[in-house]
Amino acid sequence: MSPKTFALSAIGLTIVLCVYYASYTTDIRTNQTEDKANEDSSEIAQPQRMFRLLQRPRAVANKEFQVCPRLSPAEADVSTVDVFKDFEFQPAWMKSKEYWDKSFEDRFERQKMDAERPPLKVIIVPHSHNDPGWLKTFENYFHYASRQIMNHMVAKLQQYKNLTFIWSEVAFLNAWWEEAHPSKQRALRNLVNSGRLEITTGGWVMTDEANAHVYAMVDQLIEGHQWVWSNLGVKPVSGWSVDPFGHGSTQPYILSQSGIKGTVIQRIHYAWKQWLALKQYGDFRWIPSWSPADPSGTLLTHNQPFDIYSIKHSCGPHPYICLNFDFRKVSGEYTEYSIKAQTITDKNIKEKSELLLEQYARTGSLFPHNVVLMPLGDDFRYNVAEEWDQQYTNYIKLIDYINANKDTYKAEVAFGTPRDYFREISKRYDQFPTLKGDFFVYSDIFSEGRPAYWSGYFTTRPFMKILDRELENSLRGAEILYTVALNNARQKKLLPYLKILERDYEKLVRARRNLGLFQHHDAITGTSKSFVMRDYGLKLFEGVRDTVSIQQNSLQSLLFPKIPMKPGESVVLSDLERDSYEKLPKKTPISVAPKQVRKILLYNSLAQPREQLVQIRTNSSNVKIVDGDGSDVVFQINPVWGTSEGNTKLWIAADEFEVVFIANLTELSVTTYSLVYLEASEEKLATIYCNKCHRKAAVVTNTDSTIQNEILKSKFQIKNIPAGDIQLESHKLKILFNGNTGFMKTVTRKHSPKIMQCAVQFAAYRSAQFHSGAYLFMPDPNERGIEKDVLQQYKDQMSIIITSGAVSSEITVIYGPFLVHSVAIYHLEQSSLSNGIYVENTIDFENPPKNRETELFMRIISDVQNGEPPEFYTDQNGFQMQKRVKVEKIGVEGNYFPITTMTFIQDDNIRLSLLTDHAQGAASWQPGFLEIMLDRRTLYDDSRGMGEGLVDNRKTINKFWLLIEDVVHLKNDKKGHPKRFENSDDPFEKGDVIRSFNVPTDPADPAKQESYSIPSLYANQLSNGLNYPVGIFILEREHQDAVQKRFKLIDKPFPCDTHLLTLRTQPDSVYSQFPSSSALLVLHRQGYDCAVSGNFTCSSSRFESAFEHVRVKEIQAKALTGIDTFADNVLQLSDIYIEPMTLKTFNMTFV
């Protein structure tokens, strides 16, 4: 080959390679259209970020979903369950409240002599923690504090060019933005883009992590991220979660799927603080608990090593020294720091700098990289201009002095943000340990020098927790209907409906934000003052009212497009009425006259077929139920009971009846059922057994003595309950109840001859005064082991009612006004509901001081052999399950854990599950026990800041499914793998002093580990049904003939375990108060355990669905909050594939 030919060939090859490289990098960059500030932030964990980009699971066209996805427990360097049980919970340092002792000091001194240790780098992060409601309402806090803080923030960051700040609560930022001058808005935008002001997490609020459901957690994060992106043009990259009372593993997964690169946590158990500091594990990679798992679900997490986020508890291990460096001095304020701190001068700067550096260096010694994140702030700080000046001028003197002598001090200090911290540590270190599990239950020690467990708030104010979930259900149902109705109206040019639906969008956004606001860690927790909780309640009530109205309007536009819509009138009406937020909803009776037919609509918002027990009220018992095809449906007619105050007298209402039937509903549909007047339907009346009920054949229809009572003959016959125990029986179950108490004793499943103990007990712990309150739970130490018989005072008012018919048999036991406990089983043999036991408790603590210092629980005592010490499983935010093991060394208060949707115990043969409709605390204190807290009343404050006891209890209805399922043994081929840190030498763990710390015992042999425990498919279906009940709507009589028998939103069901989390219409990119033609489709593949409950099956194993009535133009794979776009090829729904246990978002653009 000639030199010329060789040169030309080389040039040609170079051009080809350049074109290929340019094409490749262009593809890569399509996902990275961030501005410079965000490009800088992507330096965090650069190798991991590139791995995530290249390895992101891609949509596979019509790929079949594995029918039984086999999951194993993830391999991690630290498993919180295995480590926690071996802690010393009464350490020698407890009275001093500081774990820093001679062993830590010795290690610190040795590190100073280590020439290879990297120099100290300190990043000071000014911040102000703004609670969107706590001791004041959201609006009061905004007007009296947060608005001023943000005004000063914009002004002072422009004045001090090297000062930084962070802001987390987008709810406050939005309120400020709406009234800020455009010049201030522009200034804020510039500060954010410069990187000196970082929006951390970017959620609507700093969400609670124990009680919040995954729907609401994701929804408030979407609302916040979309707001930040639309108004500021940035994507949050750092998390900041410093005040939730314990941390769960759902939030890091959600954050990592939303583009967050690293997060900061704060409130974890004091023993965890010590152990992580000892091991230098304060920065770790928090991984999902299951395997295989999407690697993008892992999040770099930083635990602040000391107690709380105040300056006093942040600069180092010695709070009394840190007080010298909080320079706020405001006229009229007298605080421990304003008295102690001295202004920095030329005379004292050397002394003060070295004193501060000693604290910083000690903090740095707890990390292998020697980088310190130092929060500079506290609750509602920087609300006055003086503090900005005081903190900045004093700290900049210290910073400048230290940096001028950095060779001497081997240290560098600067203002910065969490993004700077994660970028810096990723440059210095990449061997972060992996951790799986969570950090519940949180316990502090710094208040009194003794452990205080924050497990009370798991249950506090259950009425509000239930109302939260009612809004969640109503909002989710409205989002889906609204998206289809809006785009249907646009595509079919239904202009009158389009105008109404576009107006409704403002209500929809307000409901999202009201729900989002309530996820705040002092809202859904129930830990705000009573009048603040009332304000939250009014906002939730407004959201429920508006979303029901949106559902009605959407249904009318879809079902009756030709009927003109009049303001204030609706052809479709919900059957639930709620007078005010503090009252329970009531059913609207349907009037059915002779020869009449009344129609109802049943809205199934789930993307799978379902069965639902439907209860409606009518004015007549002469009715039957007919489905859309004209076929008769099995039903029964129950009495509606009237009660005197205190439930001491019971009678049957003569002019109102409850009609009960089981509806079979197709996926994501609206189905019509009819109430047809019948001349006689006596055989459908339920049989009533009751010894203390009103026994006259005639009943009064009006108890007001001033009105002439009309006497009618009761159609129900009441029979006596025979003496002895009571038995309810169906085709599949036989349940025995104690004849004296009315509570369950045993359950027999007819396919198995064994009688299973399954006793229900109600009792209470007596609260420890001043140590049990809204946050804390602690039984009275003088009565440990003694449970309070709360029903004793109501024994004389006890009644038992048995109602039995073609659909169900139900036993209701009434203990005065305090407790109404019902258990029901279902008779339709082909119905999946017949495998479960439905339980309902109505709780009323009455007015205080009745039932004071009472922590009421329901306990199930079974013969399930769940180990000694007992093991049980709790869900986390309705997203995943977490194994729990009783720790013998701490009391019941430290062994209570949060549940959001379910909990279960199991042995080799049986799993016993309890599914719930709202957040509660749960425990398995003894083998075979499973108990959940129902309500709490404590007259005294627990000294955690709220300043009042819990006395505003309201009547609540708690709904449960009790499941007893068989466990099938599956062969486990899992092999153990050595852990990266398991046998490594810690240079600071040699010697007797260090051995005095608690070093956990070796974990169990991995080869013996069981599969990752998750619910059965049946449990998931029932739980989804409990959380998202069917919407029942009544049609106006004059328009009911025009309705279709079934209106489907999709043509085929989603795969069995793929839950439609939401279908959320996006705001218009220019006019945000108007809806766009795009919606975020968020899917949750729940996964399920095929080794449990094989009697429930589902045949749908792939996406074959398409939307009816609306045409889809484009589908784009997105990050969870809908900001980043992925390059996945998704042309239609059938192209979607999701791994088990994952959340995925797709942006759907309609024609």
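Mentor: Begin with Leu 668, which is buried, at a relative accessible area of 0%. Buried means under 20% relative accessible area, exposed over 50%, and partly exposed in between, with a 1.4 Å probe and protein chains only. This is a predicted model: local features need pLDDT of at least 70, side-chain atom pairs count only at pLDDT 80 or more, and totals for chains, interfaces and linings use all residues. Residues are numbered from 1 along each chain as its sequence is written, and side-chain values use heavy atoms, with hydrogens and water left out.

Trainee: What is the phi of Leu 668?

Mentor: Most residues other than glycine have a negative phi. In Leu 668, phi is positive, near 40 degrees. Leu 668 sits in the loop between strand S23 (650-665) and strand S24 (669-677). Strands (E, at least two residues) and helices (H or I, at least four) are DSSP runs, numbered from the N terminus.

Trainee: Is Gln 280 buried or exposed?

Mentor: Gln 280 counts as buried, at 14% relative accessibility. The phi of Gln 280 is also positive, near 60 degrees. The loop that holds Gln 280 runs between helix H11 (270-279) and strand S8 (283-286).

Trainee: Which peptide bond is cis, with omega near 0 degrees?

Mentor: Most peptide bonds are trans. The bond from Ser 291 to Pro 292 is cis, with omega near 0 degrees. Pro 292 is in the loop between strand S9 (290-291) and strand S10 (299-303). The bond from Pro 848 to Pro 849 is cis as well, with omega near 10 degrees. Pro 849 belongs to the loop between strand S36 (837-843) and strand S37 (854-862).
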